Amino acid sequence: MTDRISTFPALQKQRVSVLLPYPFEEPFDYAVPAGMELGVGDYVRVPLGPRETVGVVWDNRETTDSRIDSKRLKSVAGRFDAPPMPAATRRFVEWVASYTVAPTGAVLRMALSSTGGLEPPRAAVAFRIGTVPDDFKRTAARNRVLSIAQDGLARSAAEFADLAGCGLAVVRGLADTGALQAVSVPPRMPAADIDGNFPGPALAPDQQQAADALVGHVGKGFSVTLLDGVTGSGKTEVYFEMVAAALRAGKQALVLLPEIALSAQFLQRFERRFGTRPALWHSDVGSTQRRLVFRGVAEGQTKVVVGARSALFLPFPDLGAIIVDEEHESAFKQEDGVIYHARDMAIVRASIEQVPIALVSATPSLESIVNVEIGRFAKLDLPSRHAGAQKPAIELVDLRKDPPPRNRFLSKSVIEAISETLARGEQAMLFLNRRGYAPLTLCRTCGHRLKCPNCTAWLVEHRFHRILLCHHCGHTERQPEHCENCGTADSFAAVGPGIERIAEEAGALWPDARTILLASDTVGSGIGQGPAALDEAIRKVQAHEIDLVIGTQIVAKGHHFPMLTLVGVVDADLGLAGGDLRASERTYQLLHQVAGRAGRAERPGRVLVQTWMPEHRVMQALVSDRRDAFLRVEAEERQMAKMPPYARLAALIVSGPDQSEVDVVARELAKAAPRNEHVQVLGPAPAPLALLRGRHRRRLLFKARKDVHVQPLLRLWLDQVDIPNSVRVQVDVDPYSFL
């Protein structure tokens with residue numbers, strides 16, 4: 001297939017197939033206007049109903065389809081002046097759609113998340129030395145700017161102001177007089193000047209051995225390597241060598257992180273290693289920067305991207321390596337729209353691109369461990385902490401023997417340990433994976449519970465913001481003055497702790513301690529909200545401007561606080577409730593990660609884990625540091641139950657505003673379900689969140705043997721049922737959440 005389609009005479013318009021970023025299974029045919037040259041992968045503007053939309057030329061056709069009158073085809077309105085979507089990216093879009101049983105156009109939408117990047121970037125305005133007038137009025141600030149400008153380099157107004165220590169008005173004033181000359185310069189693409197030869201730190205022997213193995217895979221085709229290292233073992237520095245090798249080979253690199261919150265310290269470490277920062281890609285990156293990153297990636301100028309799962313769909317033309325950090329994290333699973341697991345799809349993309357991929361974790365997923373055991377993945381181990389630091393001592397606090405005082409949540413053991421730690425001038429952390437002040441608010445008189453009107457969920461009190469909040473749909477309201485059930489005034493009580501309540505208790509116990517509250521929706525100490533506020537909070541902890549950190553899982557991983565020597569886990573049993581098949585595995589991973597924040601430098605660390613179930617195998621594995629034995633038991637139980645990773649699961653989630661209509665569709669799906677000796681279908685049943693964002697939800701679970709190719713069965717199943725427009729059926733292949 002040629003890169004460009006030759007132009008046909010007006011009476012013989014050629015057709016192209018254009019895939020649109022909407023939930024369509026197939027591309028649409030459009031005519032190519034005379035004089036326009038198009039190639040497969042080109043980004044185009046095409047009419048769709050009364051408006052124009054962006055699409056991608058997915059195929060070209062040299063012949064006329066007799067079923068369609070070419071004269072009636074709408075014409076392509078225009079072609080974007082941008083590099084075409086690479087063939088590997090198009091193949092990846094198709095693969096993801098096939099695997100997730102999603103429309104190809106819906107997957108394409110994720111690959112077109114910054115259509116502004118399709119337009120050539122606008123030139124920026126910079127300044128360089130001009131002609132200084134004879135009557136020029138000099139000031140100290142103006143002289144500093146002109147002194148910097150003597151090298152003749154063009155700089156932005158902000159750069160001059162920063163270097164000269166003055167305001168932007170000084171620079172603009174110099175431009176008005178002609179002392180500085182405005183020039184137009186092409187915008188600098190993010191991460192375009194990263195050098196793979198930039199000298200890195202000296203690695204310990206075990207780190208160097210692992211780094212050499214990863215570097216050896218670069219340029220040798222597709223491979224998957226699990227980098228399994230304890231917390232603090234220097235895994236990041238090791239896989240940075242893989243990034244450097246890709247850069248030296250003239251390739252691009254992609255690093256996936258599970259959470260935006262991990263980016264602050266990561267960026268500092270990256271800059272120390274490479275002398276400059278990578279390009280960032282996640283939901284909180286501004287639109288201007290997103291356009292530049294998209295364009296820089298497409299042109300091959302942006303060399304390294306660090307991002308959340310959506311970065312996987314950027315149009316890399318020359319990818320050389322992929323790294324998935326914290327590969328076990330459930331945050332890599334997208335639960336809305338096209339449902340996919342970014343770790344698994346990253347492996348697919350590496351296979352399509354024929355490049356190596358490294359999966360990195362201190363607590364690898366059982367799926368990855370099994371893939372190592374069957375020889376599908378290679379494995380590298382980093383069993384020791386870097387620079388002589390020792391693993392923290394982990395102790396279980398049995399709440400049956402050491403219960404907190406009434407209406408309090410910290411045991412005597414934890415209180416004493418924190419007091420001793422603060423007295424030594426060290427830092428402590430209290431961890432509770434529950435946002436807000438209290439998870440439940442009820443009436444003391446009648447027991448009425450305040451719940452969300454849109455979801456099957458209780459409203460969570462956020463006392464610092466003086467609101468009740470639903471963590472599923474975002475509904476907020478003020479706490480009512482009277483109970484709507486019995487009419488009693490001022491009768492509501494908070495039940496259970498969230499981190500705000502722990503902060504309140506800590507404030508009473510240690511009033512002189514500099515305390516900060518860290519959660520995805522709360523950054524304390526008056527710092528503000530959002531990623532920038534979180535970055536500042538992390539900086540304050542690193543600089544020892546904070547004595548006591550109180551946080552959720554946002555502080556459980558990726559952070560290095562040299563003076564933090566004590567971690568107290570408030571409610572270690574929290575993740576073990578419910579019927580989630582991965583509950584034990586996830587709880588172990590989270591507790592192991594948060595324990596790893598303690599004692600990461602020369603001072604020894606200590607971890608106190610409050611639990612009502614010290615005999616539970618998760619707690620015993622944690623305190624005895626017997627991860628592998630714990631995972632063997634988990635694997636045996638999953639194998640006996642014929643559950644993943646030893647079987648295949650897929651879920652159908654039926655939802656809609658009308659409960660009866662949802663029930664009818666769910667029952668029809670159950671009647672049409674595949675039936676053979678290798679397949680079992682359970683349900684329909686109300687989802688645990690039976691009402692979510694105003695939509696009633698029913699679930700069906702498809703279970704099959706490991707060797708069953710489930711996607712054709714799922715597609716055939718869905719084709720047999722007429723689903724009205726008001727009802728949505730989502731397919732979740734390899735489900736992680738069962739809500």
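Visitor: Hi! Which residue stands opposite valine 360 in β15?
Guide: Aspartate 325 stands opposite valine 360 in β15. Strands here, as well as helices, are DSSP runs numbered from the N terminus, with at least two residues (E) for a strand and at least four (H or I) for a helix.

Visitor: Before we go on, what kind of model is this?
Guide: This is a predicted model, where local features need pLDDT of at least 70 and side-chain atom pairs count only at pLDDT 80 or more, while totals for chains, interfaces and linings use all residues. Residues are numbered from 1 along each chain as its sequence is written, and side-chain values use heavy atoms, with hydrogens and water left out.

Visitor: Thanks. Back to β15: which strands pair with β15, and in what sense?
Guide: Strand β12 (residues 319-325) pairs with β15 in the parallel sense over 4 bridges. Strand β8 (residues 223-229) also pairs with β15 in the parallel sense, over 6 bridges. Two strands count as a pair if DSSP finds at least two bridges between them.

Visitor: Is β15 buried or exposed?
Guide: Strand β15 (residues 356-361) is mostly covered, with 6 of its 6 residues buried. Buried means under 20% relative accessible area, exposed means over 50%, and partly exposed is in between, using a 1.4 Å probe and protein chains only.

Visitor: Which way do the residues of β15 point?
Guide: Pro356, Ala358 and Val360 point one way, and Ile357, Leu359 and Ser361 point the other way. In a regular strand, side chains alternate between the two faces of the sheet.

Visitor: What about a covered helix, say α2? How many of its residues are buried?
Guide: In helix α2 (residues 104-111), 7 of its 8 residues are buried. Among them are Val107, Leu108 and Met110.

Visitor: Changing topic: what is the strand order in the open sheet of 3 strands?
Guide: The order is β20-β21-β22, with antiparallel pairing. β20 (460-462) and β22 (476-477) stand at the edges with a single partner strand each, so one side of each has no neighbour in the sheet.

Visitor: How many bridges join β21 to β22?
Guide: Strand β21 (residues 467-469) is joined to β22 by 2 bridges. Leucine 468 has glutamate 477 in β22 as its bridge partner.

Visitor: Now charges. How many salt bridges are there?
Guide: The count comes to 38 salt bridges, where a salt bridge is a side-chain nitrogen of Lys or Arg within 4 Å of a carboxyl oxygen of Asp or Glu. Arginine 514 forms one with aspartate 547, with the closest N and O atoms 3.0 Å apart.

Visitor: Why does that pair tie together parts that are apart in sequence?
Guide: Arginine 514 lies in the loop between α13 (499-509) and β24 (515-519), while aspartate 547 lies in the loop between α14 (530-542) and β26 (548-551), so the pair ties together parts 33 residues apart in sequence. Arginine 514 is partly exposed at 39% relative accessibility, and aspartate 547 is buried at 14%.

Visitor: Where do glutamate 668 and lysine 671 lie?
Guide: Both lie in helix α18 (residues 659-671), 3 residues apart, which is about one turn of the helix. Glutamate 668 and lysine 671 form a salt bridge, with their closest N and O atoms 3.4 Å apart. Glutamate 668 is partly exposed at 35%, whereas lysine 671 is exposed at 60%.

Visitor: Which residues are linked in a network of salt bridges?
Guide: Asp228, Lys379, Asp381, Arg627 and Asp628 are linked in a network of that kind.

Visitor: One more residue: where is arginine 617 found?
Guide: Arginine 617 is found in helix α16 (residues 617-624), and this residue is partly exposed at 28% relative accessible area.

Visitor: Which side chains make a polar contact with the side chain of arginine 617?
Guide: The side chain of glutamate 634 does, at 2.4 Å, and so does that of glutamate 637, at 3.0 Å. A polar contact is a pair of N or O atoms within 3.5 Å; within protein, one must be able to donate a hydrogen and the other to accept it, and residues adjacent in sequence count only if both atoms are side-chain atoms.

Visitor: Last one: how many helices and strands does the protein have?
Guide: The protein has 19 helices and 32 strands. Of its 739 residues, 54% count as buried.
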